[in-house]
Structure formats: C-alpha cells, structure tokens
Amino acid sequence: MVVVVIIGVMLSLASLSLSGDRREDLLREEARRLHALIGLARDDAIVNLHSVGFSVSENSYRFLLKKKGLWQPFAADQVFKQRSLSHGMGLNLEVEGVEVVDGVKTVKLLPAVVFWSSGEVTPFSLLLELDGKQRYRLVVNAVGEMSFDTSTI
C-alpha cells in the first residue's frame with residue numbers, strides 16, 4: 001500500500017512538472033508569435049503603403065489598419081486578428097518610456113503604437129510575462145529595429 005501511495009505522489013509531481021514546462025512553452029511560443037507579427041506589421045505598412053497600428057490590453061493584443069483616416073480592425077484577416085493570451089500571461093507596453101495601461105487611448109479606436117509606410121515606428125517596449133517569473137521583452141526603436149531577450153525572475 002505504501003508503494004502505491006509513493007508511486008501516486010511521484011506521478012502527480014511529474015505531471016505538475018510537465019504542466020509547468022508546457023505553460024513556459026506556451027509563453028515562448030506566444031513571444032515568438034508576437035515578435036514575428038510585429039515584424040510582419042512593420043513590413044506590411046511599408047509594402048502596402050498604409051499605416052498599421054498596434055494596441056494591447058492586459059491579456060490581449062490587436063493590430064489596426066488606417067483606412068480613410070480611421071483606425072479599424074483588419075477585416076477577415078487571420079494573421080492580424082485580435083489575440084487573447086493564455087491564463088497567467090500578461091502584457092506590459094511602454095511607449096517612449098511611458099507605460100500604456102490600456103491600448104485604446106480614448107473611446108475611439110486609436111492604437112498606442114503605429115508602423116508608418118515610411119518604415120518609422122513609434123518606439124516601444126513590450127514585456128510578455130508568465131506569473132511574474134518568466135519574461136520576454138521586445139524592444140522596437142523609431143526605425144523599426146527590434147531586439148528580443150528573455151529573463152527569468
């Protein structure tokens with residue numbers, strides 16, 4: 001009976017360990033997705049000669065397209081659709097050194113970050129974290145150059 005209990009405890013610890021690794025894998029995957037989407041948004045703005053916006057909330061992010069002077073979500077676009085983060089993940093956006101609490105600045109649809117057709121970008125830093133321990137930081141300067149790093153706290 002004691003052996004069965006010990007085996008049960010070991011199996012439950014192993015499954016907890018695997019689920020923790022899985023969450024870190026999801027965070028890493030989301031960080032890579034964000035890195036790629038931001039690069040793609042910058043390239044899309046340049047190639048298609050329009051402005052692309054980016055905004056975040058605490059647990060989601062979205063891209064916007066400027067058409068006829070108005071910001072709007074990309075219509076039926078699976079690449080630039082709004083995305084929600086998994087449980088325990090959070091986003092923190094700093095634009096030109098100032099934290100953006102909510103990506104929508106007013107009642108109107110306005111992005112916190114803009115990728116212009118000239119290749120210029122609103123400088124920003126985006127922190128993606130999991131339970132405050134595992135972090136990925138993406139920093140984009142005014143000419144669209146990106147740096148990407150990880151850190152564990």
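# Reading contacts, core and salt bridges

User: Which residues does I38 touch?

Analyst: Leaving aside residues up to four places away in sequence, I38 touches F54, F63, F115, F124, L126, L138, V140 and M146. Contact here means heavy atoms within 4.5 Å. This is a predicted model, in which local features need pLDDT of at least 70 and side-chain atom pairs count only at pLDDT 80 or more, while totals for chains, interfaces and linings use all residues. Residues are numbered from 1 along each chain as its sequence is written, and side-chain values use heavy atoms, with hydrogens and water left out.

User: How many residues are in the largest nonpolar core, and which have the most contacts inside it?

Analyst: A nonpolar core is a set of buried Ala, Val, Leu, Ile, Met, Phe, Trp, Tyr and Cys residues joined through side-chain atoms within 4.5 Å. Buried means under 20% relative accessible area, exposed over 50%, and partly exposed in between (1.4 Å probe, protein chains only). The largest core here has 32 residues, and I38, F54, F63, F115 and F124 have the most contacts inside it.

User: Which elements supply at least two residues each?

Analyst: Helices (H or I, at least four residues) and strands (E, at least two) are DSSP runs, numbered from the N terminus. The suppliers are α1 (2-47), β1 (52-56), β2 (60-67), β5 (89-95), β7 (113-115), β8 (124-130) and β9 (134-140). Helix α1 gives the most, with seven residues.

User: How many salt bridges are there?

Analyst: A salt bridge is a side-chain nitrogen of Lys or Arg within 4 Å of a carboxyl oxygen of Asp or Glu. By this rule there are six. One of them joins D131 and R23, at 2.3 Å from N to O. D131 is in the loop between β8 and β9 and R23 is in helix α1, so the pair ties together parts 108 residues apart in sequence. D131 is partly exposed at 46% relative accessibility, and R23 is partly exposed at 27%.

User: What separates R28 and D25 along the helix?

Analyst: R28 and D25 also form a salt bridge, at 2.8 Å from N to O. They are three residues apart in helix α1, which means about one helical turn.

User: Where is L49, and is L49 buried or exposed?

Analyst: L49 is in the loop between α1 and β1. L49 has a positive phi of about 55°, although it is not a glycine. L49 is exposed, with a relative accessible area of 66%. K68, in the loop between β2 and β3 (70-73), has a positive phi of about 50° and is not a glycine either. K68 is exposed, at 86%.
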